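Have a go at each task before you read its solution.

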Amino acid sequence: MSIAAASHGFLSPTGVEIAFLLVGLVTFGAALVTVTTRQLVHAALWLVVALGGLAVEYLLLTAEFIAWVQVLIYVGSVVVLLLFGLMLTKAPIGRSPDADSGNRWAALAVAVAAATALVWVVVDAFRTTWIDLDGAAAGSTKVTGESLFRNWVLPFEALSVLLLAALVGAIVLSRKAKAAAPAAARTPGAHDDRGAKEGAR
Amino acid sequence: MHLVYPAVLSALLFCTGLYGVLARRNAILVLMSVELMLNAVNLNLVAFDVWLSRAATETLHSGQALTLFTIAIAAAEIGIGLAIVLAVHRNRGTSDIDRLRDAAEGPDDSDDGPDSDAAARARAAEKAEATA
């Protein structure tokens, strides 16, 4: 413990740590606004900020490939799907007073208790652990691709079957014998997202 | 970089998502909170994978591979979840999860009362007629 602390300096953060902290504050603030705002569309837009901030955090952790996949899949398709869902369920534009249910204080208590416990345990456990970010990137496309297609081929292929099953399931769930206008509006989007994901990987 | 920074950020994001899942009323907002929780897990996986790829000599990069799998499964989950929410909205006219209490069990639905139950059933029947 003393050796690690001496070699790194406990109270002299590096530039990467300061950048990580600032982006982390933005990400956490955007996440808080996402779960507390009363304007439903704004929640989806703040979710974009939170997910984009997480992509920057991946870049700071030298996991480039994950960062770009995060931008492509989450910011590019998941948020668009969520916005489609909000529009198709006729979510009110503007403030909706009943966005939070009646048990929000119990929820707040549970969340604060869980946060306290988790942060305490994590800080206590990893107080003297440092990530070495020098040298070659730990998550470049080459490294990730090699490990993925050398050690993780079978789960990768199983995952493509899962995506196919999800695609078929989404189509079956959203089609109807007649008057399937909303379904027709959203299933092509799902199609394209899945196709883009398979292409990206 | 100190490993505590990503670990604490991921714990805080997870608890934010937990609050959202418990406190939100609109089903799509609940799905957004689930996404936040999954992203917190992803950040944890990436941070520990980067740490282990330096600390250990031989590693499978399991953290990053599992992160990719989580992202793909989250995309599938959001597709299916939105399809379910849209189907419920089409049949019931609401995506308010506090009002979807048909599967609720109780001695005699004490908190709901027979009146509101009958009213909900009438509303559902009305909606079914309207969509048919």
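**Exercise 1.** How far does the predictor trust chain B, and which of its elements score lowest and highest?

*Solution.* Next, go element by element: helix α4 (residues 113-131) of chain B has the lowest mean, 57, while helix α1 (residues 4-23) of chain B has the highest, 94. Where pLDDT is low, the predicted coordinates should not be read in detail. For the complex, the predictor gives an ipTM of 0.81 and a pTM of 0.80.

Some ground rules: this is a predicted model, with local features needing pLDDT of at least 70 and side-chain atom pairs 80 or more, while totals for chains, interfaces and linings use all residues. Residues count from 1 along each chain as its sequence is written, and chains are lettered from A and ligands numbered from 1 in the order written.

**Exercise 2.** Describe the contact between the two chains from the side of chain A.

*Solution.* Count first: 81 residues come from chain A and 61 from chain B, with contact meaning C-beta atoms, placed from the backbone, within 7 Å. Then locate them: α2 (15-36), α3 (40-60), α4, α5 (104-125), α6 (141-151), α7 (153-174) and α8 (181-200) of chain A each supply at least two residues. Finally, sort chain A's side by class: 54 nonpolar, 17 polar and 10 charged. (Ala, Val, Leu, Ile, Met, Phe, Trp, Tyr, Cys and Pro are nonpolar, Asp, Glu, Lys and Arg charged, and the others, Gly among them, polar.)

**Exercise 3.** How do helix α4 of chain A and helix α2 of chain B pack?

*Solution.* Take α4(A) (residues 64-88) and α2(B) (residues 27-55): the angle is about 170° and the axes are 11 Å apart. The pair is therefore roughly antiparallel (the cut-off is over 145 degrees). On the α4(A) side the contact uses A:Ile66, A:Val78, A:Leu82, A:Gly85 and A:Leu86; α2(B) brings B:Ile28, B:Leu31, B:Met32, B:Glu35 and B:Val46. That makes 8 nonpolar, 1 polar and 1 charged.

**Exercise 4.** Where is A:Thr129, and is A:Thr129 buried, exposed or partly exposed?

*Solution.* A:Thr129 sits in the loop between α5 and α6 of chain A. A:Thr129 has 16 C-beta neighbours inside 10 Å, so A:Thr129 is partly exposed (20 or more would be buried, 12 or fewer exposed). Leaving out residues up to four places away in sequence, A:Thr129 touches B:Leu3 and B:Trp51.

Terms used:
Axes are lines fitted to C-alpha atoms, for helices over the stretch in contact, and angles run from 0 to 180 degrees between N-to-C directions. Helices (H or I, at least four residues) and strands (E, at least two) are DSSP runs, numbered from the N terminus. Angles under 35 degrees count as roughly parallel, over 145 as roughly antiparallel, 65 to 115 as roughly perpendicular and the rest as oblique. pLDDT is the predictor's confidence in each residue, from 0 to 100.
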